[in-house]
Amino acid sequence: MKTVYTFLKEAPLRTNCPECYTKDGLLLSFHQKRIESKLYDRITNTIEERLECGICETKIYPVQWTDDIERMYEYHLKTVAIQDTTFRLTTLSAGILVGVLLAAIGFVYWILQLM
(Lines give C-alpha, C1' and ligand atoms only; values in the text may rest on other atoms or scores of the structure.)
Protein backbone atom coordinates (compact mmCIF):
# COMPACT_ATOMS: atom_id res chain seq x y z
CA MET A 1 0.00 0.00 0.00
CA LYS A 2 1.34 3.40 -0.98
CA THR A 3 0.18 6.85 0.10
CA VAL A 4 0.42 9.57 -2.54
CA TYR A 5 -0.46 13.23 -2.14
CA THR A 6 -2.05 14.92 -5.16
CA PHE A 7 -1.20 18.60 -5.64
CA LEU A 8 -4.24 20.89 -5.39
CA LYS A 9 -3.13 24.51 -4.99
CA GLU A 10 -0.13 26.68 -4.18
CA ALA A 11 -0.35 30.27 -2.96
CA PRO A 12 2.33 32.77 -1.95
CA LEU A 13 1.55 34.64 1.27
CA ARG A 14 2.44 38.27 1.79
CA THR A 15 3.02 38.04 5.53
CA ASN A 16 6.14 37.92 7.66
CA CYS A 17 7.86 34.60 8.26
CA PRO A 18 7.73 33.67 11.99
CA GLU A 19 11.33 32.36 11.77
CA CYS A 20 13.33 34.92 9.79
CA TYR A 21 10.78 37.81 9.77
CA THR A 22 11.18 38.50 6.04
CA LYS A 23 8.20 39.40 3.93
CA ASP A 24 7.08 37.69 0.70
CA GLY A 25 8.88 34.42 1.33
CA LEU A 26 6.04 32.17 2.53
CA LEU A 27 4.49 29.58 0.22
CA LEU A 28 1.33 27.71 1.21
CA SER A 29 0.46 24.50 -0.64
CA PHE A 30 -2.43 22.05 -0.37
CA HIS A 31 -2.29 18.34 -1.19
CA GLN A 32 -5.01 15.65 -1.10
CA LYS A 33 -4.28 12.15 0.22
CA ARG A 34 -4.67 9.20 -2.15
CA ILE A 35 -4.08 5.55 -1.21
CA GLU A 36 -2.85 3.20 -3.93
CA SER A 37 -2.83 -0.56 -3.46
CA LYS A 38 -2.62 -3.60 -5.72
CA LEU A 39 -6.35 -4.17 -5.19
CA TYR A 40 -7.80 -0.65 -5.06
CA ASP A 41 -7.17 3.06 -5.56
CA ARG A 42 -8.88 5.43 -3.11
CA ILE A 43 -9.02 9.21 -2.96
CA THR A 44 -9.71 10.39 0.60
CA ASN A 45 -11.01 13.73 1.81
CA THR A 46 -7.87 14.34 3.88
CA ILE A 47 -6.17 17.62 2.94
CA GLU A 48 -2.58 18.28 3.97
CA GLU A 49 -1.25 21.81 4.03
CA ARG A 50 2.40 22.81 3.92
CA LEU A 51 3.74 26.24 4.74
CA GLU A 52 7.38 26.86 3.89
CA CYS A 53 9.59 29.91 3.81
CA GLY A 54 11.59 30.30 0.63
CA ILE A 55 14.11 32.65 2.24
CA CYS A 56 15.20 30.66 5.30
CA GLU A 57 14.01 27.33 3.78
CA THR A 58 12.18 26.10 6.88
CA LYS A 59 8.82 24.44 7.28
CA ILE A 60 6.44 26.54 9.37
CA TYR A 61 4.22 24.36 11.58
CA PRO A 62 0.67 25.44 12.58
CA VAL A 63 1.81 26.12 16.16
CA GLN A 64 4.03 28.94 14.84
CA TRP A 65 1.34 30.55 12.65
CA THR A 66 0.36 34.14 13.37
CA ASP A 67 -3.19 35.49 13.12
CA ASP A 68 -2.44 36.86 9.63
CA ILE A 69 -1.24 33.46 8.45
CA GLU A 70 -4.34 31.81 9.97
CA ARG A 71 -6.64 34.19 8.07
CA MET A 72 -4.80 33.66 4.80
CA TYR A 73 -4.87 29.88 5.34
CA GLU A 74 -8.63 29.87 5.95
CA TYR A 75 -9.22 32.00 2.85
CA HIS A 76 -7.11 29.78 0.58
CA LEU A 77 -8.62 26.61 2.05
CA LYS A 78 -12.05 27.81 0.93
CA THR A 79 -10.79 28.29 -2.63
CA VAL A 80 -9.22 24.82 -2.96
CA ALA A 81 -11.01 22.55 -5.45
CA ILE A 82 -11.11 19.28 -3.52
CA GLN A 83 -11.57 16.12 -5.57
CA ASP A 84 -14.50 13.89 -4.66
CA THR A 85 -13.71 10.85 -2.56
CA THR A 86 -13.64 7.75 -4.73
CA PHE A 87 -12.98 4.05 -4.38
CA ARG A 88 -11.90 2.23 -7.53
CA LEU A 89 -10.95 -1.40 -7.97
CA THR A 90 -7.85 -2.22 -9.98
CA THR A 91 -7.86 -4.75 -12.83
CA LEU A 92 -6.31 -7.36 -10.56
CA SER A 93 -9.09 -7.14 -7.98
CA ALA A 94 -11.77 -7.02 -10.70
CA GLY A 95 -10.29 -10.21 -12.19
CA ILE A 96 -10.30 -11.90 -8.79
CA LEU A 97 -13.91 -10.83 -8.23
CA VAL A 98 -15.01 -12.19 -11.62
CA GLY A 99 -13.16 -15.47 -10.96
CA VAL A 100 -14.85 -15.93 -7.57
CA LEU A 101 -18.22 -15.11 -9.10
CA LEU A 102 -17.75 -17.66 -11.90
CA ALA A 103 -16.63 -20.30 -9.39
CA ALA A 104 -19.73 -19.65 -7.25
CA ILE A 105 -22.03 -19.94 -10.29
CA GLY A 106 -20.30 -23.18 -11.30
CA PHE A 107 -20.67 -24.55 -7.77
CA VAL A 108 -24.39 -23.72 -7.65
CA TYR A 109 -24.90 -25.31 -11.08
CA TRP A 110 -23.06 -28.47 -9.91
CA ILE A 111 -25.22 -28.68 -6.77
CA LEU A 112 -28.40 -28.29 -8.83
CA GLN A 113 -27.25 -31.10 -11.16
CA LEU A 114 -26.84 -33.48 -8.19
CA MET A 115 -30.46 -33.00 -7.08
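Reader: Is Glu57 buried or exposed?
Author: In this predicted model, Glu57 is found in the loop between β3 and α1. A residue counts as exposed when its relative accessible area is over 50%. Glu57 has a relative accessible area of 68%, so the residue is exposed.

Reader: What is the phi of Glu57?
Author: Most residues other than glycine have a negative phi. Glu57 is not a glycine, yet its phi is positive, at about 55 degrees.

Reader: How many bridges join β3 to β4?
Author: β3 and β4 run antiparallel. Tyr40 has its bridge partner in β4, namely Leu89. The number of bridges joining β3 to β4 is four.

Reader: How is the aromatic pair of Tyr40 and Phe87 arranged, stacked or edge-to-face?
Author: The ring centres of Tyr40 and Phe87 are 5.2 Å apart, with 25 degrees between the planes. Planes under 30 degrees apart count as stacked. The pair of Tyr40 and Phe87 is therefore stacked.

Reader: How many residues apart in sequence are the parts that the pair of Tyr40 and Phe87 ties together?
Author: Tyr40 is partly exposed, with a relative accessible area of 22%, and Phe87 is exposed at 54%. Tyr40 lies in strand β3 and Phe87 in strand β4. The pair therefore ties together parts whose separation in sequence is 47 residues.

Reader: What is the angle between the planes of Phe107 and Trp110?
Author: Phe107 and Trp110 are three residues apart in helix α2 (residues 91–114), so about one helical turn separates them. Phe107 is exposed at 51% relative accessibility, while Trp110 is partly exposed at 48%. Their aromatic pair is tilted, with 6.0 Å centre to centre and an angle of 40 degrees.

Reader: Which residues form an aromatic cluster?
Author: The structure holds four aromatic pairs. One aromatic cluster is formed by Phe30, Trp65 and Tyr73.

Reader: Which residues have the most contacts inside the largest nonpolar core?
Author: This core has 14 residues. The elements giving two or more residues to the core are β1 (2–13), β2 (26–36), β3 (40–53) and α1 (67–79). The residues with the most contacts inside the core are Leu26, Phe30 and Leu51.

Reader: Which residues does Leu51 touch, not counting residues up to four places away in sequence?
Author: Leu51 is among the residues with the most contacts inside the largest nonpolar core. With residues up to four places away in sequence not counted, Leu51 touches Leu13, Leu26, Leu27, Leu28, Thr58, Lys59, Ile60, Trp65 and Ile69.

Reader: Is His76 buried or exposed?
Author: His76 is placed in helix α1. Leaving aside neighbours within four places in sequence, its contacts are Lys9, Ala11, Leu13, Leu28 and Phe30. Buried means under 20% relative accessible area. His76 has 10%, so the residue is buried.

Reader: How far apart in space are Leu39 and Ser93?
Author: Leu39 lies in the loop between β2 and β3 and is partly exposed, at a relative accessible area of 40%. Not counting residues up to four places away in sequence, Leu39 touches Arg88, Leu89, Thr90, Leu92, Ser93 and Ile96. Leu39 and Ser93 are 54 residues apart in sequence, and their C-alpha to C-alpha distance is 4.9 Å.

Reader: Where in the chain is confidence lowest?
Author: The chain averages a pLDDT of 90, and 100% of the residues score at least 70. Confidence is highest in β2, at 93. Confidence is lowest, at a mean of 88, in strand β4.

Conventions. Residues numbered from 1 in each chain as written. Predicted model: local features only at pLDDT ≥ 70, side-chain atom pairs only at ≥ 80, totals over all residues. Heavy atoms only, no water. Core = buried A, V, L, I, M, F, W, Y, C linked by side-chain atoms within 4.5 Å. Buried < 20%, exposed > 50% of the residue type's maximum accessible area, 1.4 Å probe, protein only. Contact = heavy atoms within 4.5 Å. pLDDT = per-residue confidence, 0-100. Phe/Tyr/Trp six-rings, centres within 6.5 Å; stacked < 30°, edge-to-face > 60°. Pairing = 2+ DSSP bridges.
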